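This report covers charged side-chain contacts. Please have the structure open while reading.

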Amino acid sequence: MATGGGSSTDEAESEKVVIEQRLLKLDEVFVYKIPAMKTADGFFAADWNLATPLATCSLIVNRRDDSLCINIMADRPKANAPPGATESYLFAQSIIQVKSAKSSHKLEHWVEPVVDSSRYFAMRIRDSRSGREAFIGIGFRERNDATNFRMTMEDYVAALKREEKAQVLHRQFEQSSEHQSSEGDGGGEQQPLPAMSNLSLKEGEKIHININGGGGSKRVTPAATKKVTPKKGLVGLRKPPPPPDANVATTRASFTGNTATSNTQEKDAEEDDDEWGDFEG
């Protein structure tokens, strides 16, 4: 059984995928042999004899899982090759492993800028064979290269903080989902259901029901008349009445004339009566 467990562990380690990403490459960097720190203020580039660097190399920054690898590469003549052929080799290396929980694993533990310049840094390197650590000085001719180097390390630290926060949120989500699943499966305590009310009749109780007679006539409510509202827009005009017939107009005119004549005669008779009324005996 123990053998089987060990083999599964080895398989899990062998299946682990290691992601390596190149973050920065600079073609020129100066390497200096620096003295020990003289004061607690930090390193000073003026003490490094900047005119005579130890080597002129190139710098490559790679991220490997949670580690940041700063590789300083130098050139040397290539063996068994035509004259002038060179090959690159690892001159010095610094492996940075920042952990926010440990104060000794801050970025300044591996790379520390000098006090008197923005283009020079003191970098902690480690010998993979002996395990010894030492500081070397690195500097850049161009200020932009120094800025890119510093920004690359700051971006690495910011990315680690984001990943740690994402892991915390992921663990909280898994814990909450497991808690909900355990409650759904009946693992948690279930709340009692509310008691049903008793609606049955007690002894001696009666129910009175009033039922309307079926013989009566039902009242029919007339349907409401629907008021027609004129549509918006132009309102149509009524058609004029037809003209009267000629005979009817003539008869009406003669009748009107006769009526006017009779009315005149009656009025004259009344005037005569008034004039001779005093002489009537």
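## Terms and basis

A salt bridge is a side-chain nitrogen of Lys or Arg within 4 Å of a carboxyl oxygen of Asp or Glu. This is a predicted model: local features need pLDDT of at least 70, side-chain atom pairs count only at pLDDT 80 or more, and totals for chains, interfaces and linings use all residues. Residues are numbered from 1 along each chain as its sequence is written, and side-chain values use heavy atoms, with hydrogens and water left out.

## Strand E1 to strand E2

The whole structure holds eight salt bridges. One of them joins Arg64 and Glu20, 3.2 Å from N to O. Arg64 sits in strand E2 (residues 55-64) and Glu20 in strand E1 (residues 20-32), 44 residues apart. Helices (H or I, at least four residues) and strands (E, at least two) are DSSP runs, numbered from the N terminus.

Arg64 is partly exposed at 40% relative accessibility. Glu20 is partly exposed too, at 47%. Buried means under 20% relative accessible area, exposed over 50%, and partly exposed in between (1.4 Å probe, protein chains only).

## Strand E2 to helix H2

Arg63 and Glu163 form a salt bridge at 2.9 Å, N to O. Arg63 lies in strand E2 and Glu163 in helix H2 (residues 143-184), so the pair ties together parts 100 residues apart in sequence. Arg63 is buried at 13% relative accessible area. Glu163 is partly exposed at 32%. A salt-bridge network links Arg63, Asp66 and Glu163.

## Strand E3 to strand E4

Arg76 meets Glu87 in a salt bridge of 3.3 Å, N to O. Arg76 belongs to strand E3 (residues 67-77) and Glu87 to strand E4 (residues 86-96), 11 residues apart in sequence. Arg76 is partly exposed at 39% relative accessibility, and Glu87 is partly exposed at 28%.
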